[in-house]
Amino acid sequence: ASFVQTLLEVIEQLPVSVIRGPLPVTLSFASGGEFLIHCGSPLKPLGSLKSGQSGFKRKREVDTRERRANDLSNRARARLINLRLDAEMLVFINQTGCNLTQALRLTGSQFRYQSEGDYLRLFVWKNRAKHEVELRIHKGYRRHFENFLKWRSAVFPDDPDGLTFPFI
């Protein structure tokens, strides 16, 4: 239960606004721990450059920082995106009982649900053909899963029928 809670904390702290926001990102956990995430190798603090170093070296370091900060592409933010996808996929596996291979092969971002008591049966919706997915989720997980699909759609807008968990 505490593992899933930690995963949910990671998910909650990595919305699109944080992924596209300033770097590095600090994740804070209820346990009191913090985790700093850099995208690319960590940069030296500007104050650590020796005063005797050429202005060219300092300018190059400032330019590198600016370029990284302004690069909002998925490739540049892959570490953050993949961390969120890892957490989402592990929660999905926990909720559905599917295995890692099934989760990694799951495609589509539009799902339909059929009620089965306290559970829902998942169907992938593609081109008007309903393709059954052998997965069941608890009704309470549906809202979380739909929020993930909205996040996925915002991060990967040009890939609606690709992998559900499209790691970079």
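# Reading the core of a predicted model

Modeller: Let's start in the middle. The largest nonpolar core has 36 residues, and Phe-92, Phe-111, Leu-122 and Phe-145 are the ones that touch the most other members. Keep in mind that this is a predicted model.

Biologist: Which helices and strands supply at least two residues each to this core?

Modeller: On the helix side they are H1 (2–12), H4 (78–96) and H6 (141–155). The strands are S1 (25–28), S3 (111–116), S4 (119–126) and S5 (129–138). H4 gives the most, with eight residues.

Biologist: How many helices and strands does the chain have, and what pattern do they follow?

Modeller: There are six helices and five strands. Reading along the sequence, you get α-α-β-β-α-α-α-β-β-β-α.

Biologist: And how much of the chain is buried?

Modeller: Of the 168 residues, 35% count as buried. The accessible surface comes to about 10,400 Å², and carbon and sulfur atoms hold 51% of that.

Biologist: Let me try one residue. Where is Phe-92, and is Phe-92 buried or exposed?

Modeller: Phe-92 is found in helix H4. It counts as buried because its relative accessible area is 0%, and the cut-off for buried is under 20%.

Biologist: What does Phe-92 touch, beyond residues up to four places away in sequence?

Modeller: The list is Gly-97, Cys-98, Ala-103, Leu-106, Leu-122, Leu-135, Tyr-141, Phe-145 and Phe-165. For a sense of how the chain folds back, take Phe-92 and Ile-137: they are 45 residues apart in sequence, yet their C-alpha atoms are 8.7 Å apart in space.

Biologist: Phe-145 was on that list. Which residues is Phe-145 in contact with, leaving aside its neighbours within four places?

Modeller: Phe-92, Phe-111, Tyr-113 and Leu-122.

Biologist: Which aromatic cluster do they belong to?

Modeller: One made of Phe-92, Phe-111, Tyr-141, Phe-145, Phe-148, Trp-151 and Phe-165. Elsewhere, a ring has a charge over it: the charged end of Arg-136 sits over the ring of Tyr-119, 4.5 Å from the centre of that ring.

Biologist: Now helix H1. Which of its residues are buried, and what do they pack against?

Modeller: Val-4, Leu-7, Glu-9, Val-10 and Ile-11 are the buried ones. They pack against S1, H4 and H6.

Biologist: What about Leu-8?

Modeller: Leu-8 is also found in helix H1, but it counts as partly exposed because its relative accessibility is 30%.

Biologist: Where is Thr-164, and what is in contact with it?

Modeller: Thr-164 lies in the segment after H6 and is buried, at 0% relative accessibility. Leaving aside neighbours within four places, its contacts are Leu-106, Thr-107, Gly-108, Phe-111, Phe-148, Leu-149 and Arg-152.

Biologist: How many disulfides are there?

Modeller: A disulfide is a covalent bond between the sulfur atoms of two cysteines. The count here is zero. Cys-39 is buried, at 9% relative accessibility, and Cys-98 is buried at 5%.

Biologist: One last thing: is the peptide bond from Leu-23 to Pro-24 cis or trans?

Modeller: That bond is cis, with omega near -10°. You'll find Pro-24 in the loop between helix H2 (16–19) and S1.

Terms used
Residues numbered from 1 in each chain as written. Predicted model: local features only at pLDDT ≥ 70, side-chain atom pairs only at ≥ 80, totals over all residues. Heavy atoms only, no water. Core = buried A, V, L, I, M, F, W, Y, C linked by side-chain atoms within 4.5 Å. Buried < 20%, exposed > 50% of the residue type's maximum accessible area, 1.4 Å probe, protein only. Helix = DSSP H or I, 4+ residues; strand = E, 2+ residues; numbered from the N terminus. Contact = heavy atoms within 4.5 Å. Areas by Shrake-Rupley, 256 points an atom, 1.4 Å probe, with all protein chains shown as cover. Phe/Tyr/Trp six-rings, centres within 6.5 Å; stacked < 30°, edge-to-face > 60°. Lys NZ or Arg CZ within 6 Å of the ring centre and 35° of its normal. Disulfide = S-S within 2.5 Å.
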